[in-house]
Amino acid sequence: MRLDLSSKITLERVPKKYYKPDNDFEEYNLARYEKLPVAIYEEPKRAAKKIANEISRELKQSQKEGKQFVLGISGGTSTAPVYEELVKLHKEEGLSFKNVVIFNTYEFYPVMDFSYSNLQMLKESFLNKIDVDPENIYSPDATVEKDLISENCEKFENNLKEKGGLDYLILGLGTKGNVGFNMPGSSLHSQTRLVMLDGDSRSDISRNFGSLDKVPVSAITMGLSDMLAAKKISLVAWGEQKSESIRDIVEGPVTDLIPGSVLQTHAEAVIYVDLAAASELTRISRPWLVTNCEWDSKLIRRAIVWLCQVVDKPILKLTNKDYNDNGLSELITLYGSAYNVNIKIFNDLQHTITGWPGGKPDADDTYRPERANPYPKRVIIFSPHPDDDVISMGGTFQRLVNQGHEVHVAYQTSGNIAVGDEEVIRYTSVLRSMLKKFDPDNTKMLQKYDEIRKFLLKDKKKDDMDTADILFIKGRIRREEARSADRYVGLSEENVHFLDLPFYETGTVKKNPISEKDVNIVKDFIETIKPHQIYVAGDLADPHGTHKVCLDAILAAIDILKDEDWYKDCRIWMYRGAWMEWEIDHIEMAVPLSPEELRQKRNSILQHQSQMEGAPFLGDDERLFWQRSEDRNRATADLYWKLGLASYEAIEAFVEYIPIQDN
């Protein structure tokens, strides 16, 4: 069972010559905009293995010389695959870490419960699984008194100097281009110090603390000067959410606004990325500027959309001169004239637009994104949380129902941790009032109400987990909101399904890994419907991780089912959530919404009252989910209009997923 298929999704075929060229000449051409060595891998595991093997060689050499090996390590999800490979080398090949000295590059401050500290997380994932001497582990103190912070930082600095600095440093990458918690504005000469965490940084790490309000407001971080003093540095970044930061670090100027860019000044720094994280590098996103291209329809579309934005013209107004002046003369040679290319791409984009997402019956579907038949179709909309369906594709959802398809919605998780305590108090207060009026002798339920209210209002401490009863109520609140939204759309109640995947039910933001049990629940459900269409959340850059796990569960199930006879007539469409949209060169189905349809979509989102202003995961973005969704849909429509296509109020966009075939 393949449980990580989402990491293998690339939205277009990236020719290997763009990231693994045949010779040095080609490499120099491809990397002409890159100011740092970049190693691009198809998946993180391969890169992690390369780094682990390099560390192993360096470590063994130090052992031969009778020296200690000083290793700097960072927390977070990016570095985890490297630690997994190092643990594997220790257990399977006997790699010893007895001569290794560990320096933790940052620590949250203050941390009253050590289980939430970065060091403890590193111990659980790495340090406790190898034979490193605990006396050789150095970390900033997360519990020191405030007036001793400076002394604590100085002690950490002295320990680092006494050990001769770092031999090797493994770094992850933050959303602001930060390394460690050296945030924008950090000096090149900065040393270990206390820094305040901004809202984005705190949101990024909230999954480790249970909720945003439990995340410390500051951290103690190793400074940039200490990092740059390391003999070798490997920075790792995976996923498209890191792609813009990687581009800025590798191709932009050295600036304190992008702290990671200072690695350009280090002679032995290497950036390790997967294809998704490399997607904004020139060699991948605009290869026509650095090499001869292997042109296909999607790459041509991307080039033309880029050209339109550079010269500020719609597609049909592009000229031969525009192509020749901007590195796209190859297309003129291939197609004979700008006009021929313009017409091709204009038609390609025009054919993505459809008001019939389930296919238009009794119509010529030659140039439509969906088949006319069968009609009506059996459709499954998978929603990771109980509101992603209407937030992300509420207009398309409404059209599928209105156009007569048999639509089923499957909510993969309860979403219970995203319900505030006040919601529980409000709903149970209504219940208590009803009991007093209609069933005053039901003492058991009245006692349960008093127990829940007492816990929430008096006994619950800041770091306490909710009880099973409270999680049940929170889950039911979200479940009924989903039912309400589905009724508004016009969906029959028997077509609303709640899967409650086990990985999610931990009671905290930190979830369990995906398991075969999760996959089998999804697989069994799909088999009961045997759909012609499946809609899934394709948020590969999901900031909270649940979307990715839910996607992996679906893709693993589809991987098992893809050879079934009924599946041969099934298509899978990926939508995106409130956070970001598909780039226009990837869009394969664009469903336009009228002003009235956009208003209806808003109303369906508003049925989820617990997720309005009080929801814990809104982040620093002050817009509510319906506002983010509308702005995103309007922006997509606006881009189509600027390219010279019809002007719509809003557009929801989709990309087709083609199952990965067995080797």
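This briefing describes selected strands, helices and contacts of the structure above. The model is predicted. It covers a buried strand, β2, an open sheet of 7 strands, two helix pairs, α16 with α17 and α15 with α21, and the residue A557 in helix α20.

- Strand β3, residues 100-104, runs parallel to β2 and is joined to it by 5 bridges.
- F69 has V100 as its bridge partner in β3.
- Between β2 and β3 the chain passes through helix α4 (residues 80-93), and this β-α-β crossover is right-handed.
- β2 is also joined to strand β6 (residues 168-171) by 2 bridges, and these two strands run parallel as well.
- Here the bridge partner of L71 is Y168 in β6.

**The open sheet of 7 strands**

- The strand order in this open sheet is β13-β12-β11-β14-β15-β17-β16, and the pairing is mixed.
- β13 (496-498) and β16 (589-593) are the edge strands, each pairing on one side only.
- On average, neighbouring strands of the sheet are turned by 25° against each other, with direction ignored.
- Within the sheet, β15 (residues 571-575) and β17 (residues 650-657) are antiparallel and pair over 3 bridges.
- I572 has Y657 as its bridge partner in β17.
- Helix α21, residues 595-605, packs on the sheet and touches β16 and β17; the direction of α21 makes about 95° with that of β16.

**Helices α15 and α21**

- Two packed helices are described by the angle between their axes and the distance between the axes.
- Helix α15 (residues 388-402) packs against α21 at an angle of about 125°, and their axes are 9 Å apart.
- This angle makes α15 oblique to α21.
- The crossing in which α15 passes α21 is right-handed.
- On the α15 side the contact involves V390, I391, S392, M393, G394, G395, Q398 and R399, which meet E597, Q600, K601, S604 and I605 in α21.

**Helices α16 and α17**

- α16 covers residues 421-438 and α17 covers residues 443-459; the two pack at an angle of about 155°, with axes 10 Å apart.
- The two helices are therefore roughly antiparallel to each other, the cut-off for this term being over 145 degrees.
- α16 passes α17 in a left-handed crossing.
- Residues of α16 that take part in the contact include V424, I425, T428, L431, R432 and L435.
- Their counterparts in α17 include M445, L446, Y449, I452, R453 and L456.

**Residue A557**

- A557 is part of helix α20, which runs over residues 546-561.
- The relative accessibility of A557 is 0%, so this residue counts as buried.
- Leaving aside residues up to four places away in sequence, A557 touches V519, V522, K523 and I526.
- A557 and D388 are 169 residues apart along the chain, and their C-alpha atoms are separated by 20 Å.

Terms used:
Residues are numbered from 1 along each chain as its sequence is written. This is a predicted model: local features need pLDDT of at least 70, side-chain atom pairs count only at pLDDT 80 or more; totals for chains, interfaces and linings use all residues. Side-chain values use heavy atoms; hydrogens and water are left out. Buried means under 20% relative accessible area, exposed over 50%, partly exposed in between (1.4 Å probe, protein chains only). Helices (H or I, at least four residues) and strands (E, at least two) are DSSP runs, numbered from the N terminus. Two strands pair if DSSP finds at least two bridges between them. A crossover is right-handed if, with the strands pointing away from the viewer, the path from the first strand over the helix to the second runs clockwise. Axes are lines fitted to C-alpha atoms, for helices over the stretch in contact, and angles run from 0 to 180 degrees between N-to-C directions. Angles under 35 degrees count as roughly parallel, over 145 as roughly antiparallel, 65 to 115 as roughly perpendicular and the rest as oblique. A crossing is left-handed if the near helix is turned anticlockwise from the far one by less than a right angle, and right-handed if clockwise. Contact means heavy atoms within 4.5 Å.
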